[in-house]
Amino acid sequence: MDNLLVRAARGERTERPPVWLMRQAGRHIPEYREIRSEYTFLEAIKTPDVATEITLLPWEYYEPDGLVMFSDILTVLEPLGFTYRIESGVGPVIENPVTGPDDVDRTHDPVAESIDYVGKLLTQLTERVGDDAAIIGFAGGPFTLASYAVAGEPSRTNMPLRKLRANHPDAFRTLLQAFTDVVREYLEYQIAHGADVVQLFDTYAGTLTPTDYEEFILPLHKQILADLDVPTIVFVRRMNGRLEQLRASGADVIGLDWTVEMDAARETLGDIPVQGNLDPSYLFGDPSFVREQTKQVIDDAGPSGHILNLGHGVNRDTPVESVRAFVETAKSYDREL
Ligand code: CP3
């Protein structure tokens with residue numbers, strides 16, 4: 001029988017909601033910080049044994065229903081010819097960002113060669129967890145990836161990329177297409193190596209106007225997500241008020257950030273499965289508050305096609321006890337079927 005998370009992603013009514021957390025394998029876990037004192041972030045994600053060990057840390061703590069592979073959305077920069085590092089206190093830094101509108105027409109090396117460490121990671125994870133948890137693969141979306149490739153560093157407003165759209169729409173389109181092609185190949189590769197579910201993180205695409213989103217982003221999300229062999233989840237922040245644009249991506253599951261009212265989202269979206277959406281800051285409340293608010297999200301989402309998650313990644317300083325209360329609330333929830 002399929003894993004609970006896969007069943008919910010297909011829209012089934014489940015006895016309780018499956019649960020996992022975005023960024024669950026990161027810095028809020030003490031053992032992660034220990035491992036990171038021995039390896040840089042890139043060494044950790046490129047060494048399958050280390051990445052496997054980190055992916056499994058949340059399993060040892062909480063036994064969530066899904067294990068998200070320990071990696072990063074930026075892995076696909078390398079097959080496109082960019083080099084990057086993660087700088088402490090800054091975030092991702094691209095050493096050779098896009099230099100201008102003439103520097104956008106890029107082909108990529110085969111991901112099976114340049115990102116072979118992710119295939120090895122997924123194979124090892126599948127061997128280790130079997131059917132006990134769904135293995136979740138992921139990729140960044142074209143806008144979010146291009147945002148780093150153009151700005152060269154984190155950019156809160158994504159202004160450098162949005163300026164490219166304003167001044168050189170054809171170059172903007174060409175660059176996004178290059179990312180779309182590599183991401184599609186990458187997701188197929190992850191599925192071939194054992195991912196049970198894949199999530200597309202186009203986290204920043206909601207900074208575009210709705211009209212631009214429709215014109216430039218939606219067709220690319222459709223290209224990436226069409227006819228993949230496992231359930232797909234799409235996640236974009238700041239889409240409240242235009243959830244139809246997420247549904248139109250063709251994803252099987254719509255990720256909701258915490259600015260969306262769960263019950264209203266259900267009314268807007270109809271039957272399509274959803275994932276989310278507890279405010280990550282609520283995990284800084286005491287465990288009884290966490291349980292109460294988590295239960296509210298579960299009740300509002302209803303019995304079918306809901307994957308419990310946060311509305312965005314877990315914050316690095318989040319107490320382990322709160323994450324445990326969050327996961328336990330889902331696991332002890334019991335609906336009569
Ligand atoms: O969810 C998970 O546990 C799986 C792993 C995962 C990471 N990054 C691990 C990571 C996933 C799914 C991502 C996605 C990601 N990475 C996104 C989109 C997702 C989102 O949050 O909406 C983006 C924009 C990135 C780019 C990136 N990589 C950022 C912004 C950072 C953090 C930089 C910082 O200093 O805080 C990274 C590095 C990174 N990726 C870390 C982790 C655990 C931190 C590395 C460390 O330990 O210092």
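Reader: Is Y148 buried or exposed?

Author: First, a word on the source: this is a predicted model, in which local features need pLDDT of at least 70 and side-chain atom pairs count only at pLDDT 80 or more, while totals for chains, interfaces and linings use all residues. Residues are numbered from 1 along each chain as its sequence is written, and side-chain values use heavy atoms, with hydrogens and water left out. Burial is read from the relative accessible area: buried means under 20%, exposed over 50%, and partly exposed in between, with a 1.4 Å probe and protein chains only. Y148 has a relative accessible area of 8%, so Y148 is buried. Y148 belongs to helix α7 (residues 142-151). Helices (H or I, at least four residues) and strands (E, at least two) are DSSP runs, numbered from the N terminus.

Reader: Where does G141 lie, and how does E185 count in terms of accessibility?

Author: G141 lies in the loop between β4 and α7, and at 0% relative accessibility G141 is buried. E185, in helix α9 (residues 169-192), has 28% relative accessibility and therefore counts as partly exposed.

Reader: How far apart in space are Y148 and E336?

Author: Separation along the chain and separation in space are stated side by side. Y148 and E336 are 188 residues apart in sequence and 47 Å apart in space, C-alpha to C-alpha. For E185 and L337, 152 residues apart along the chain, the C-alpha atoms are separated by 39 Å. For G141 and R291, the values are 150 residues along the chain and 32 Å between the C-alpha atoms.

Reader: What is the order of the strands in the open sheet?

Author: Strands of a sheet pair through backbone hydrogen bonds, either parallel or antiparallel. Two strands pair here if DSSP finds at least two bridges between them. The open sheet has seven strands in the order β1-β4-β5-β6-β7-β8-β9, with parallel pairing. At its edges stand β1 (66-68) and β9 (306-310); each has a single partner strand, so one side of each is left without a neighbour in the sheet. On average, neighbouring strands of this sheet are turned by 25 degrees against each other, direction ignored. Such angles run from 0 to 180 degrees between N-to-C directions, and the axes are lines fitted to C-alpha atoms, for helices over the stretch in contact.

Reader: How many bridges join strand β4 to β5?

Author: Strand β4 (residues 134-140) runs parallel to β5 and is joined to it by five bridges; the bridge partner of A139 in β5 is L200. Between β5 and strand β6 (residues 232-235), also parallel, there are four bridges. In β6, I233 is the bridge partner of Q199, and V234 is that of L200. Strands β7 (residues 253-255) and β8 (residues 274-278) pair in the parallel sense over two bridges, and I254 stands opposite V274 in β8.

Reader: Why is strand β5 largely enclosed by the rest of the structure?

Author: In a regular strand the side chains alternate between the two faces of the sheet. Five of the five residues of β5 (residues 197-201) are buried, so β5 is largely enclosed by the rest of the structure. V197, Q199 and F201 are buried on one side, and V198 and L200 on the other. Both faces of β6 are covered as well: T232 and V234 are buried on one side, I233 and F235 on the other.

Reader: Which backbone oxygen does the side chain of H306 reach?

Author: A polar contact is a pair of N or O atoms within 3.5 Å; within protein, one must be able to donate a hydrogen and the other to accept it, and residues adjacent in sequence count only if both atoms are side-chain atoms. The side chain of H306 reaches the backbone oxygen of G276 at 2.9 Å. H306 is found in strand β9 and is buried, with a relative accessible area of 2%.

Reader: Which residues come nearest to the ligand?

Author: A residue is near a molecule or strand if one of its heavy atoms lies within 4 Å of it. Around the ligand there are 24 residues, of which R23, Y32, R36, T203 and H312 come nearest. A side-chain N or O atom of R36 is 2.4 Å from an oxygen atom of the ligand, and a polar side-chain atom of T203 lies 2.7 Å from an oxygen atom of the ligand.
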